[in-house]
Amino acid sequence: MATDYGTCISVTTDLPLRWKMVTGARVVAEAVFRRWSTDRGSLPYDLDYGTHAVGMIGATMTQGEIASWESRLVSEALKDERVQDCVAIVVYDQPNASAEITAKITPSDGAPFEMVMSINSVTAEIIRVSA
């Protein structure tokens, strides 16, 4: 039986906005996505929320700096009480000013899943969530 994470309105970057309901692992994936696409300090009620991954785009980064971003993404995901473990792998494409983040997320009470997120200087989006 799948863990019930409730139902949530899907609010990612779809334009025009399509207000659809999501359930299961997708609820947790979108919560992590929002953490990874929100500037730290931009929420007055939680100044420690967020690490905007778009911030890496356009920079010349070493493998060590990419590893630092991966660590920041994992730390941010683990702030959600529904996430027990997370491994984030960043594939950075500096010439095209884009990156793909693959996250293997183990929920606190459920089956692990993978989320793939694409970012560039303009947008961030979830490409796939799969078990």
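Predicted model: local features only at pLDDT ≥ 70, side-chain atom pairs only at ≥ 80, totals over all residues.

User: At what angle do helix α1 and helix α2 pack?

Analyst: Helices (H or I, at least four residues) and strands (E, at least two) are DSSP runs, numbered from the N terminus. Axes are lines fitted to C-alpha atoms, for helices over the stretch in contact, and angles run from 0 to 180 degrees between N-to-C directions. Here α1 covers residues 25–36 and α2 covers residues 63–77; they pack at about 125 degrees, with axes 9 Å apart.

User: What is the orientation of α1 and α2 to each other called?

Analyst: Angles under 35 degrees count as roughly parallel, over 145 as roughly antiparallel, 65 to 115 as roughly perpendicular and the rest as oblique. The pair α1 and α2 is therefore oblique.

User: Is the crossing of α1 and α2 left-handed or right-handed?

Analyst: A crossing is left-handed if the near helix is turned anticlockwise from the far one by less than a right angle, and right-handed if clockwise. The crossing of α1 and α2 is right-handed.

User: Which residues of α1 and α2 meet?

Analyst: Contact means heavy atoms within 4.5 Å. From α1 come V32, R35 and W36; from α2 come L73, E76 and A77. By class, the contact has four nonpolar residues, no polar and two charged. For those classes, Ala, Val, Leu, Ile, Met, Phe, Trp, Tyr, Cys and Pro count as nonpolar, Asp, Glu, Lys and Arg as charged, and the others, Gly among them, as polar.

User: How many residues of α1 are buried?

Analyst: Buried means under 20% relative accessible area, exposed over 50%, and partly exposed in between, with a 1.4 Å probe and protein chains only. Nine of the 12 residues of α1 are buried, so the helix is largely enclosed by the rest of the structure. Among them are V27, V28, F33 and the charged residue E30.

User: What does R35 touch?

Analyst: R35 lies in α1 and is buried, at 10% relative accessibility. Setting aside neighbours within four places in sequence, R35 contacts Y49, G50, T51, E76, K79 and D80. Of these, E76 belongs to the α2 side of the helix contact.

User: Where does R72 lie, by comparison?

Analyst: R72 lies in α2. At 39% relative accessibility, R72 is partly exposed. Its C-alpha is 11 Å from that of I89, 17 residues apart along the chain.

User: How many Å separate P112 and P95?

Analyst: Sequence separation and distance in space are read separately. P112 and P95 are also 17 residues apart in sequence, but their C-alpha atoms are 33 Å apart. P112 is in the loop between β4 and β5 (113–120), and is partly exposed with a relative accessible area of 49%. Not counting residues up to four places away, P112 touches I105, T106, P107 and A131.

User: Is T60 buried or exposed?

Analyst: T60 is exposed, with a relative accessible area of 63%, and lies in the loop between α1 and α2. T60 touches E65 and Q94, not counting residues up to four places away in sequence.

Conventions: Residues numbered from 1 in each chain as written. Heavy atoms only, no water.
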